[in-house]
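Trainee: Hi! Could you walk me through this fold while I have it open on my screen?
Mentor: Happy to, let's bring it up.

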Amino acid sequence: MDLSLFFAGTAGSVPSARRGLPAVLVRRGGDRLLFDCGEGTQRQLLRSVGLVDVDSVFITHFHADHWLGLPGMLKAFGYALVEESRPGHLDARLAEQLGVVPGPDFGRLQRGETVAGVSPDQVMGPTREGRKVVLSGDTAPSEALAIAAHEADVLVHEATFAEEEIERARQTSHSTARQAAELARDADVRMLALTHISSRYAGPELRDEARAVFGATDVLRDFDTIEVPFPERGKASIERWSERKARERGPEGEPATRAEPVASP
Ligand SMILES: [Zn+2]
C-alpha cells in the first residue's frame, strides 16, 4: 500500500516567495489526511497535485499560521501514524509439501489457524513491521516526541531556526535544525525531514547544520513528496517537485499542465 507525504507548504510563521504556510498531505492507499492547513493551502494544492477530498484534518497547534486556511479546527499537537505489523510471508510451496491444499486453507494459516496439523509458524516468515511516520508540529525539543518517534521511518520535524538563534528558539518554543537532528539521532529514526523554515533561511544551511549530527536529513521544499515504502522494500525517499515535473513531462518535452511553485527554489 502506498504511503507518501506531500509538502504543500514548508514555511514557518510567515509565507515567503518560496514557501507557503505549513501543510502536509499524507496519502495512504485511498486515505487522505491533511496535517495543518495554513492560509493558502487550498491554493497550494490547486497549484500542485490538485484539490483532494481530505478525510481528516489534523492541526498540530493553534498558531494562526497553521489553521487560518481552515477556520474552526479542533485543538491538536504532534502526531504519530503507526501501522499495525503485518503477518509474515506464507511459504506456499512448503505448505503444500506439508499437505495443505492451496485455497481457503492458506488464508486460515495466514490468520493464525492450524490447518491439517500444520501450524502457521511452520510455514510463515517472521511478522513484518508496519510503517511509522511522526509529525512534530511546532515544538521545542521534546522528550515525549523523541519517545513517540523511536525508530520511525520518517520524522517530520520543525526547524524554525539555525543554532545561532538557539536563544530565540528557546524563547518562542521552537527548535533549531541541530536540535531536531539530535532528537532524530537519539530516537534512531530512519529519515529526518525538516520543515517550518523561517523565511530568513534558504534551507541548505539548516540541512548542513543538521547533517553534522544526523546524516539522513533533508530540508523539504514546497510540493516535494516523501515516499515511504514498507521497510523490506527500502528506505523512504524524497521526490523533488522539479524532478516530478520533469518525469511527468517525459522525453517529449510536453509542457506541464499545472503551475510551478510561486518561485522555483
Ligand atoms: Zn507555526
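Trainee: What order do the six strands of the open sheet come in?
Mentor: The order is β4-β3-β2-β1-β10-β11, and the pairing is mixed. Strands here are DSSP runs of E with at least two residues, helices are runs of H or I with at least four, and both are numbered from the N terminus. Two strands pair if DSSP finds at least two bridges between them.

Trainee: And which strands stand at the edges?
Mentor: β4 (56-58) and β11 (237-239) do; each has a single partner strand, so one side of each is left without a neighbour in the sheet. From one strand to the next, the twist averages 20°. Angles run from 0 to 180 degrees between N-to-C directions, with axes fitted as lines to C-alpha atoms, for helices over the stretch in contact.

Trainee: Before I go on, what kind of model is this?
Mentor: This is a predicted model, where local features need pLDDT of at least 70 and side-chain atom pairs count only at pLDDT 80 or more, while totals for chains, interfaces and linings use all residues. Residues are numbered from 1 along each chain as its sequence is written.

Trainee: What pLDDT does the chain average?
Mentor: The average is 88, and 89% of the residues score at least 70. pLDDT is the predictor's confidence in each residue, from 0 to 100. Over residues 70-75 the score is below 50, and that stretch has seven contacts in the model beyond near neighbours in sequence. A contact means two C-beta atoms, placed from the backbone, within 7 Å. Where pLDDT is low, the predicted coordinates should not be read in detail.

Trainee: Good to know. Back to the sheet: how do β1 and β2 pair?
Mentor: β1 (residues 3-9) and β2 (residues 23-28) are antiparallel, over six bridges, and L5 sits opposite V26 in β2. β2 also pairs with β3 in the antiparallel sense, this time over five bridges, with R28 opposite D31 in β3.

Trainee: What's in the turn between β2 and β3?
Mentor: Those two strands form a hairpin with two residues between them, and G29 in the turn has a positive phi of about 55°. On to β4: three bridges join β3 (residues 31-35) to β4, and these run parallel. F35 has F58 as its bridge partner in β4.

Trainee: New topic. What about the open sheet with five strands?
Mentor: Its order is β5-β6-β7-β8-β9, again with mixed pairing. β5 and β9 stand at its edges with a single partner strand each, so one side of each has no neighbour in the sheet. The twist averages 15° from one strand to the next. α9 packs on this sheet, touching β8 and β9, and its direction makes about 165° with that of β9.

Trainee: Which face of β5 is covered?
Mentor: In β5 (residues 79-82), Y79 and L81 make up the covered face, while A80 and V82 are on the uncovered one. In a regular strand the side chains alternate between the two faces of the sheet. β5 is joined to β6 (residues 132-135) by four bridges, running antiparallel, and Y79 stands opposite L135.

Trainee: And β6 with β7?
Mentor: They pair in the parallel sense over three bridges, with V133 opposite V154 in β7.

Trainee: What does V154 touch?
Mentor: Leaving out residues up to four places away in sequence, V154 touches L5, V133, M191, A193, I226, V228 and A236. V154 is also among the residues with the most contacts inside the largest nonpolar core, which has 52 residues. Such a core is a set of buried Ala, Val, Leu, Ile, Met, Phe, Trp, Tyr and Cys residues joined through C-beta atoms within 7 Å. Helix α8 (residues 177-187) gives the largest share of this core, six residues.

Trainee: How many residues of α8 are buried?
Mentor: Eight of its eleven, including R178 and Q179. What covers them includes α6 (143-148) and β7 (154-158). Just after α8, D188 takes a positive phi of about 60°.

Technical notes: A residue is buried if 20 or more other C-beta atoms lie within 10 Å of its own, exposed if 12 or fewer, and partly exposed in between; C-beta atoms are placed from the backbone.
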